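I opened this model to look up its cores, its ring contacts and its disulfides. My notes follow in the order I took them.

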Amino acid sequence: MKGPPGLEEAQRPGSDIHVFASRCTLHGLGHVFRPGGLTVRRGLWASAMLLSLAAFLYQVVEQVRYYGEFHHETVLDERESTRLTFPAVTLCNINPLRRSHLTPNDLHWAGPALLGVDPTEHTAFLRALGQLPAPPGFMPSPTFDMTQLYARAGHSLDDMLLDCRYRGEPCGPENFTAIFTRMGQCYTFNSGAGGAEPLTTSKGGAGNGLDILLDVQQEEYLPVWKPTDDTPFEVGIRVQIHSQEEPPVIDQLGFGAAPGYQTFVSCQKQQLSFLPPPWGDCSSTSMDPDFEEPSDLLGPPSPSSNPGPPYSLMGCRMACEARYVARKCGCRMMHMPGSAPVCSPQQYKDCADPALDAVVRKETCACPNPCVLTRYAKELSMVRLPSRAAARYLARKFNRSEAYIAENVLALDIFFEALNYETVDQKKAYEMSELLGDIGGQMGLFIGASLLTILEILDFLCEVFQDRVLGYFWNRRHSQRHSSTNLLQEGLTGHGTHVSHLTLGCRPPTPPCAVTKTLSASHRTCYLVTRL
């Protein structure tokens with residue numbers, strides 16, 4: 001007579017597939033592994049379960065593949081602010097050297113390379129500058145420093161800056177920082193150099209930023225003797241608006257302001273953030289401009305041992321260009337970072353300028369974007385300066401003629417259009433949490449499982465391993481030990497009579513093997529007992 005089904009199921013081991021299928025929360029498993037023979041119903045359930053499992057695995061593979069491609073999305077937003085950091089403003093006179101500050105020694109060293117003036121033309125060029133020719137017996141200096149030349153003969157901000165105001169408050173040359181660029185000596189307002197706190201503004205619109213009045217000093221412009229690659233034909237200044245973390249590249253990114261006009265520059269701040277690998281290609285590691293090994297010349301940015309400015313795209317390019325020029329020429333250009341010596345004028349002409357042009361043209365320096373970047377969108381508008389009504393006043397104020405004011409003076413007004421700013425953020429298109437959520441949803445949709453179901457399956461596999469694998473070896477060892485014990489008992493029982501006849505008195509018990517060796521004629525019995 002059969003017992004009740006519940007009792008029969010309870011008597012089965014935990015590793016039984018029927019017991020597991022009846023208790024598991026995996027949908028359909030109990031219909032497939034139910035007691036009894038193979039039926040059409042069981043076959044249909046098995047087919048449905050296999051199809052659902054295949055669909056689930058396909059969806060999981062697709063989701064994991066999509067996650068492994070590391071897609072990102074760009075989110076554009078506009079935010080309000082009550083106060084914004086005012087950008088750095090770099091100014092350069094288009095004319096790099098003043099004619100009144102050039103000397104015969106400067107012409108000897110820099111004339112052929114930078115100005116296109118041959119040695120036989122020095123006297124004529126000095127006359128064109130309005131200077132006396134070199135005295136008899138003139139001896140040039142044994143060495144020449146390009147940095148000192150541009151610092152001494154470049155336009156001085158003390159002479160160019162006629163008026164300066166920031167948010168209505170007066171400012172002056174002390175609020176500017178001298179910096180060397182490829183255009184010579186330039187000046188940066190609100191640079192934040194030396195740990196100075198950058199200026200901020202709490203209002204937008206004209207009059208709430210930087211207002212300056214500049215004299216471009218056309219009478220100091222060098223005459224065009226022979227056209228070279230760097231010969232300027234225009235008049236005015238170049239301006240670049242950038243963040244304090246980014247070095248100016250004014251020869252490429254600057255815009256022009258002409259004398260005789262007032263230029264209004266309306267700015268809007270843009271905050272960009274990029275993702276690091278593998279979702280993006282941003283970097284926050286500054287490149288060391290000092291060249292060390294050829295293998296590291298144009299590779300990815302290597303950590304700099306010396307503390308320096310934070311990583312920026314232009315800073316990385318300048319460091320890369322400095323490495324390349326230092327390797328090719330053994331020196332660096334004066335606007336480049338690093339500790340290599342500054343190139344001489346002849347090295348500029350023969351090596352440094354061609355090498356730098358080759359790097360820029362071939363785009364050899366592949367620098368990743370910084371992870372956080374601030375840039376400023378600009379809108380320019382201009383009006384004539386001065387008006388007829390103001391020409392006489394400005395001429396009297398600056399002790400110049402009205403014609404000089406019209407040909408040399410310009411005004412620049414830089415301000416924020418509004419205090420709102422744009423954010424452009426790269427975000428991960430598919431997070432790990434979304435991947436796990438999608439897998440969980442597909443798991444519940446196709447096979448009706450959850451994380452606890454997986455734990456149930458793992459627990460069942462442990463039961464199978466314990467009962468079937470470990471139990472097999474334990475039963476086998478137990479049966480071998482039981483067989484050996486029975487054999488020993490049979491051997492001792494069969495030879496018990498002979499032992500009693502040979503024993504004459506009380507003797508200590510003899511080990512089983514020794515008894516077998518003495519009294520048994522069967523060597524096989526002795527071997528088995530010895531194994532025991």
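This is a predicted model: local features need pLDDT of at least 70, side-chain atom pairs count only at pLDDT 80 or more; totals for chains, interfaces and linings use all residues.

**Entry: aromatic cluster**

I looked for rings that group together. Phe-86, Tyr-166, Phe-176, Phe-189, Tyr-376 and Phe-416 form one aromatic cluster. I then asked how many aromatic pairs the structure holds. The number is eleven.

**Entry: two ring pairs**

A pair of aromatic rings is described by the distance of the centres and the angle of the planes. I took both values for two pairs.

I started with Tyr-67 and Phe-70. Their ring centres are 6.0 Å apart and their planes meet at 55°, so I noted the pair as tilted. The cut-off matters here, because a pair counts as edge-to-face with planes over 60 degrees apart. Next came burial. Tyr-67 has a relative accessible area of 17% and is buried. Phe-70, at 27%, counts as partly exposed. The limit for buried is under 20%.

Then I turned to Phe-125 and Trp-225. Their ring centres lie 5.4 Å apart with the planes at 85°, so this pair is edge-to-face. Where do Phe-125 and Trp-225 lie? Phe-125 is in helix H6, and Trp-225 is in the loop between strand E9 (210-215) and strand E10 (237-242). The pair therefore ties together parts that are 100 residues apart in sequence. Phe-125 is buried, at 1% relative accessible area. Trp-225 is partly exposed, at 30%.

**Entry: charges over rings**

I checked for charged ends placed over rings, and wrote down two cases. The charged end of Arg-384 sits over the ring of Tyr-261, 5.2 Å from the ring centre. The charged end of Lys-428 sits over the ring of Trp-279, and here the distance to the centre is 4.0 Å.

**Entry: nonpolar cores**

In soluble globular proteins, nonpolar side chains tend to be buried together. I looked up the cores with that in mind.

The largest nonpolar core has 38 residues. Which residues have the most contacts inside it? They are Leu-102, Leu-115 and Leu-149. Helices H5 (104-115), H6 (122-128), H7 (146-153), H10 (313-329) and H11 (345-362) each supply at least two residues of it. H10 gives the most, with eight residues.

I took a closer look at Leu-102. Not counting residues up to four places away in sequence, Leu-102 touches Leu-97, Leu-115, Leu-129, Gln-131, Leu-149, Ala-153 and Leu-222.

**Entry: disulfides**

I searched the whole structure for disulfides. The search finds seven. I wrote up three of them.

Cys-92 is joined to Cys-186, with an S to S distance of 1.7 Å. The torsion about their S-S bond is about 115°, so this disulfide is right-handed. Cys-92 lies in strand E3 (residues 88-93) and Cys-186 in strand E7 (residues 184-189), so the pair ties together parts that are 94 residues apart in sequence. Cys-92 is buried at 1% relative accessible area, and Cys-186 is buried at 0%.

Cys-164 is joined to Cys-171, with the sulfur atoms 1.8 Å apart. Is this disulfide left-handed or right-handed? The torsion about the S-S bond is about -85°, so it is left-handed. Cys-164 is buried at 3% relative accessibility. Cys-171 is buried too, with a relative accessible area of 16%.

Cys-282 and Cys-371 form a disulfide with their sulfur atoms 2.2 Å apart. The torsion is about 75°, so I recorded this disulfide as right-handed. Cys-282 lies in the loop between strand E12 (261-273) and H10, and Cys-371 lies in the loop between H11 and strand E13 (372-384). The pair therefore ties together parts that are 89 residues apart in sequence. Cys-282 is buried at 6% relative accessibility, whereas Cys-371 is partly exposed at 23%.

Terms used: Residues are numbered from 1 along each chain as its sequence is written. Side-chain values use heavy atoms; hydrogens and water are left out. A nonpolar core is a set of buried Ala, Val, Leu, Ile, Met, Phe, Trp, Tyr and Cys residues joined through side-chain atoms within 4.5 Å. Buried means under 20% relative accessible area, exposed over 50%, partly exposed in between (1.4 Å probe, protein chains only). Helices (H or I, at least four residues) and strands (E, at least two) are DSSP runs, numbered from the N terminus. Contact means heavy atoms within 4.5 Å. Rings of Phe, Tyr and Trp (its six-membered ring) pair if their centres lie within 6.5 Å; planes under 30 degrees apart count as stacked, over 60 as edge-to-face and the rest as tilted. A charge sits over a ring if NZ of Lys or CZ of Arg is within 6 Å of the ring centre and within 35 degrees of the ring normal. A disulfide is a pair of cysteine sulfur atoms within 2.5 Å.
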